[in-house]
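Reader: I am new to reading protein structures. Please take me through this one.

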Amino acid sequence: MIDARLEPDVVSQEAHTLPERKQSLGADPDVLSGPTAPEVVQVTDDERDHIARAAGLLSQRYGSIDSPEFRRMLPALAGQHLPQRLYMLLADFRDAFQRTDYGALILKKMLNVDQDSLGPTPARWQEAELEKIKPYEFITALIHGALGGTLAQFYYQRKGGGFSHCVIQDPAMKETETGAGEVELRPHTESANLHHSPDFITFLWLRNIERVPCYLFSIRSLDLAEKRYEKILREPIFKKPLVADNLASEAQQWADQAVPVLYGNPLHPWLRVDFIEQLSSGADQSQRAQQALEAFEQDARAATYTALVPGGGDLCVLNNKMCAHGRGPVQAGVDSNANAVEKRWMLRMMSVVDRFAFYETAHSRHPYFSKEMHTGKTVELQEITLP
Ligand SMILES: [Fe+2]
């Protein structure tokens with residue numbers, strides 16, 4: 001039997017309000033001015049039962065989220081099968097981009113994860129038995145349906161790799177600052193090098209017995225009007241070298257393409273940043289870009305929310321254009337008392353809302369498959385096998 005005793009079941013209660021947060025950071029009080037923590041919603045027993053029944057029904061009817069019929073019906077199914085309170089919360093969240101909106105929503109205990117039938121965490125994502133996680137995929141897909149998006153795959157990430165990705169620490173990547181590594185993963189926009197990166201991402205923790213904190217950094221936590229670097233971050237001068245990416249060799253030819261960090265609405269901009277790669281030694285930023293990024297990172301560090309320690313069944317919904325994400329360091333498969341435990345296992349899913357923009361770099365026969373590798377540049381794909 002898998003020991004889930006160390007599964008955290010609550011979000012750390014520390015420093016949720018702005019004054020508390022400023023105090024706990026010991027930061028310059030002027031650094032933080034907007035919302036500093038995601039909204040946390042406790043899912044009720046009734047809602048959880050409702051969701052579990054829906055997962056069973058949809059698994060039976062459609063078999064897999066790859067079913068074209070399921071994806072065609074997804075918006076309607078979300079309205080039909082999600083508890084009304086959660087559906088309404090998500091409907092509000094999809095349009096929440098203003099000054100007081102954070103860009104992340106945590107649904108605590110969205111579902112019960114049957115740890116025994118899930119079995120041991122695979123050694124790496126390539127070895128996961130996807131059959132076991134199908135009900136969890138249906139539930140997560142409904143969330144994206146409620147957000148008004150369509151599930152998407154990106155060649156840039158795992159060469160597509162399906163509409164949901166298992167995220168698991170891989171011993172061979174231990175030293176890398178990537179999702180599969182063990183060192184601290186600093187906040188980043190998912191696929192920050194793409195013009196058409198995912199609009200929404202979900203993370204569903206199947207287990208996190210090592211108690212690895214999730215990091216969130218919302219661009220709305222900073223009062224940008226006060227910042228000297230704000231105007232510079234809007235200039236298209238920031239390069240992303242792709243040093244840590246699996247497909248680096250294929251994309252390296254475009255690594256000198258430069259983009260802005262802030263873009264879109266003048267008052268409430270979108271964020272596109274990856275401190276890991278953009279501040280790496282190989283980034284070769286101009287002095288102006290480097291200095292602005294360093295100053296921005298310093299403020300972002302102070303504003304990063306680190307109090308969230310997710311447990312199995314918790315789900316984070318993220319607006320990928322407002323809120324960057326990362327996680328604390330992890331010693332995979334070992335708890336704080338040096339006991340062996342099951343490794344962390346997370347399920348990631350991505351969707352796009354702006355389909356017409358997404359089609360610019362999509363595969364002609366698979367409209368929800370992005371061929372983009374860097375700043376609008378695409379790879380040539382002769383044929384791909386998709387359901
Ligand atoms: Fe990520």
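Reader: How far can I trust the model, and how are residues numbered?

Author: The model is predicted: local features need pLDDT of at least 70, side-chain atom pairs count only at pLDDT 80 or more, and totals for chains, interfaces and linings use all residues. Residues are numbered from 1 along each chain as its sequence is written.

Reader: Is Gln153 buried or exposed?

Author: A residue is buried if 20 or more other C-beta atoms, placed from the backbone, lie within 10 Å of its own, exposed if 12 or fewer, and partly exposed in between. Gln153 is found in strand 4 (residues 153–154). It has 24 C-beta neighbours inside 10 Å, so it counts as buried.

Reader: How far apart in space are Gln153 and Phe369?

Author: In sequence, they are 216 residues apart. C-alpha to C-alpha, the distance is 4.8 Å.

Reader: Which residues of helix 10 are exposed?

Author: The buried residues of helix 10 include Leu293 and Phe296. Seen down the axis, the buried residues fall within an arc of 130° (taken from the directions from the axis to the C-beta atoms), so they line one face. On the other side, the exposed ones are Gln287 and Gln298.

Definitions and conventions:
Helices (H or I, at least four residues) and strands (E, at least two) are DSSP runs, numbered from the N terminus.
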